[in-house]
Every structure is written in C-alpha cells, then in structure tokens.
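Q: I have a protein model open and want to learn to read its features. Can we go through some of them together?

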Amino acid sequence: MKRILLFILTNVLVVAVLGIVASLLGVNRYISGSGLDLSKLLMFALVMGFGGAIISLLISKPMAKWTSGVRIINQPQNADEAWIVETVRQLSEKAGIGMPEVGIFEGDPNAFATGAFKNSALVAVSTGLLQGMTKEEIEAVIGHEIAHVANGDMVTMTLIQGVMNTFVVFLSRVIGYAVDSFLRKGDDRSGPGIGYMITTFVLDIVLGFAAHMVVAWFSRHREYHADAGSAQLLGRKQPMINALARLGGMAPGELPKSVAAMGITGGIGQLFSTHPPIEERIAALQNASA
C-alpha cells in the first residue's frame with residue numbers, strides 16, 4: 001500500500017513540476033495563446049500516464065495467468081509440485097512477504113513474478129525450466145522471483161513507466177502545438193491543425209521509444225538486485241550463479257510483455273532489453289561480497 005501511495009504521489013509531483021517549469025519558462029503563456037489550456041493538458045497527461053500504468057498493474061496477475069496459460073497449484077498433484085510450493089513458502093517467509101500463488105506454465109525455460117501487492121503476488125515457473133535444471137538451480141530462480149516481489153519491483157517499474165508516460169504525453173502535445181502554431185501563422189482558424197496531429201503522432205512514437213529505453217535501463221538494474229536477493233535468501237550465491245550459467249546455455253522462453261520485465265531472462269537489443277546479459281549478471285554475483 002505504501003508503494004501505491006508513492007506511485008500516486010510521484011505522478012502528482014511530476015505533473016506539478018511540469019506545470020511550475022512551464023510557468024517559469026513562459027511556456028504556459030505561449031501555448032495558452034496558441035489555444036492550448038495548460039491545466040487541462042497537465043490533467044490529461046496525469047490521467048493518461050498514471051491511469052494506464054495503474055490499471056496494467058492492478059490486472060497484472062489475471063492477465064499473466066491468461067496470457068501465459070498458468071495453472072495454479074491449489075493442491076499439489078505430485079511430489080515435484082509439492083516441493084515447488086514448499087520452496088516458495090519457505091523463501092517467502094525468509095523474505096518477509098505473504099505466500100504468493102504458485103503456478104506452472106508450458107514453455108521453454110523461464111519464470112516470472114507479478115501482482116500489484118507483495119503479499120498477494122504470483123510466482124510461476126515453466127515446464128522447460130523444471131525439466132532443464134537441478135532442484136538447487138530451480139530454488140535459486142524461485143528466490144530471484146521472490147526477491148522481485150519483496151523488493152516491490154512490480155510497483156517500482158509501473159511507477160517509472162507511469163512517470164515516463166506522463167512526460168511523453170505532455171511533451172508531444174506541447175511541441176505539437178508549437179509546430180502547428182508556426183505552420184499556421186496568419187491563420188485565424190481555431191483548434192489544432194494537421195501540424196499538431198502529425199507532430200503529436202510522430203513524437204508519441206519517438207518519445208515512447210526513448211521512454212522505453214529508460215524503463216528498460218531501470219529493469220536491468222533491478223535484475224542485479226533480484227539476483228543478489230536470491231543469493232541472500234539461499235545463504236550463498238553459487239546456486240544463482242549455476243542457474244544463470246544453465247540459462248545461458250538454453251533457449252529462453254518468451255514471456256508476455258506484461259510480465260517480461262519480471263522474468264528470469266529475456267529481452268532483445270542492449271538498449272531495449274529488460275535483462276542484462278547473463279555473463280554480466282554472473283560476474284556481478286561473483287564480484288559481490290559473500
């Protein structure tokens with residue numbers, strides 16, 4: 001709940017800062033003269049940036065179940081499922097969080113955690129991961145996902161995404177109005193013109209890519225913390241190192257976009273990847289204090 005309140009407060013403060021900066025630079029007078037209401041734009045940016053992000057967070061668990069085909073283990077059907085549930089239970093207690101739902105999904109090696117609240121999260125592992133790893137390595141991967149939950153990474157990443165969305169919406173429309181006003185000098189028609197629509201459309205895409213790079217950078221940073229968190233929960237770092245090394249030799253399973261950042265591996269391209277390279281994660285663990 002504290003992180004949700006932080007989420008709301010941060011977005012409100014971002015909008016307030018944008019308004020103050022616009023006033024200090026005189027941008028508000030310029031765009032108001034061009035027919036754009038700054039206060040309405042700020043509210044629109046807040047609703048679009050905050051609203052979409054918070055909705056995606058609140059529905060993250062049911063969406064993950066649906067898109068990944070997760071089967072929740074309510075009653076373990078065999079010894080392996082009982083071991084998975086018990087492992088999640090023990091690591092959750094060590095991490096000081098409530099027992100997450102535990103699930104299995106069909107697919108190549110991967111795992112993820114999701115949920116709006118750390119005491120009612122979901123931890124899921126793939127059949128490929130269970131078949132291709134030792135129990136110690138699987139335990140390390142589960143520890144990694146539990147660390148994500150305990151660190152509040154789902155809310156943190158949603159917060160960052162919401163802030164970036166707010167900036168994208170605000171800046172694209174301010175610049176769009178400026179371009180439109182320049183193109184329509186001497187034109188006394190009211191309302192935005194084609195220059196505004198084209199500029200806003202293009203900037204939503206361009207700035208959206210830039211925002212995604214920022215979000216991906218934060219996601220990569222959180223992966224190092226989750227790796228270290230797993231090592232701390234297990235009491236030693238070698239199981240996580242072994243698990244990462246094993247993953248490096250496997251073809252990772254693709255996760256739905258909504259949970260990709262909370263997976264154990266994934267992403268394409270260094271700037272847009274939500275996860276650092278496996279070898280860099282192993283090196284970080286090896287260089288960490290025991």
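The dialogue below takes up helix packing and then a pocket.

A: Start with one caution: this is a predicted model.

Q: How are two packed helices described?

A: Two numbers are used: the angle between the axes and the distance between the axes. Take helix α8 (residues 153-183) and helix α9 (residues 194-234): they pack at about 155°, and their axes lie 8 Å apart.

Q: What does that angle say about the directions of α8 and α9?

A: Angles over 145 degrees count as roughly antiparallel. Therefore α8 and α9 are roughly antiparallel to each other. Their crossing is right-handed.

Q: Which classes of residue make up the contact of α8 with α9?

A: This contact has 17 nonpolar residues, 8 polar and 5 charged.

Q: At what angle do α7 and α10 cross?

A: The axes of α7 and helix α10 (residues 238-248) cross at roughly 100° and come within 8 Å. An angle from 65 to 115 degrees counts as roughly perpendicular, so α7 is roughly perpendicular to α10.

Q: Which residues make the contact there?

A: From α7 come E136, E137, A140, V141 and H144. From α10 come P239, M240, N242, A243 and R246. By class, the contact of α7 with α10 has 5 nonpolar, 2 polar and 3 charged residues.

Q: How do α9 and α11 cross?

A: Helix α11 (residues 278-287) and α9 have axes that come within 10 Å and cross at roughly 50°. That makes α9 oblique to α11. The crossing of α9 with α11 is right-handed.

Q: Which residues of α9 and α11 meet?

A: E223, Y224, D227, A228 and A231 of α9 meet E280, R281, A284 and L285 of α11. The contact of α9 with α11 divides into 5 nonpolar, no polar and 4 charged residues.

Q: Now for empty space. How is it found?

A: A probe the size of a water molecule is rolled over the atoms, and this shows where empty space is left. In this model, the second largest pocket has a volume of about 250 Å³.

Q: Which residues are closest to the centre of the second largest pocket?

A: The pocket is lined by 13 residues, and D80, I84, I104, T127 and L130 are the closest to its centre.

Q: Which elements give two or more residues to its lining?

A: They are α5 (79-95), β2 (101-105), α6 (127-132) and α7 (135-150). α5 gives the most, with 4 residues.

Q: And how does the lining of the second largest pocket divide by class?

A: The lining has 6 nonpolar, 2 polar and 5 charged residues.

Terms used: Residues are numbered from 1 along each chain as its sequence is written. This is a predicted model: local features need pLDDT of at least 70, side-chain atom pairs count only at pLDDT 80 or more; totals for chains, interfaces and linings use all residues. Side-chain values use heavy atoms; hydrogens and water are left out. Axes are lines fitted to C-alpha atoms, for helices over the stretch in contact, and angles run from 0 to 180 degrees between N-to-C directions. Angles under 35 degrees count as roughly parallel, over 145 as roughly antiparallel, 65 to 115 as roughly perpendicular and the rest as oblique. A crossing is left-handed if the near helix is turned anticlockwise from the far one by less than a right angle, and right-handed if clockwise. Ala, Val, Leu, Ile, Met, Phe, Trp, Tyr, Cys and Pro count as nonpolar, Asp, Glu, Lys and Arg as charged, and the others, Gly among them, as polar. On a 1 Å grid over the protein atoms alone, a cavity is a set of points where a 1.4 Å probe fits but cannot get out, and a pocket is an open set with protein on both sides within 12 Å along at least five of seven lines; lining residues have an atom within 4 Å of a point. Grid points are joined across faces, edges and corners, and a volume is the space filled by probe spheres set on the points. Contact means heavy atoms within 4.5 Å.
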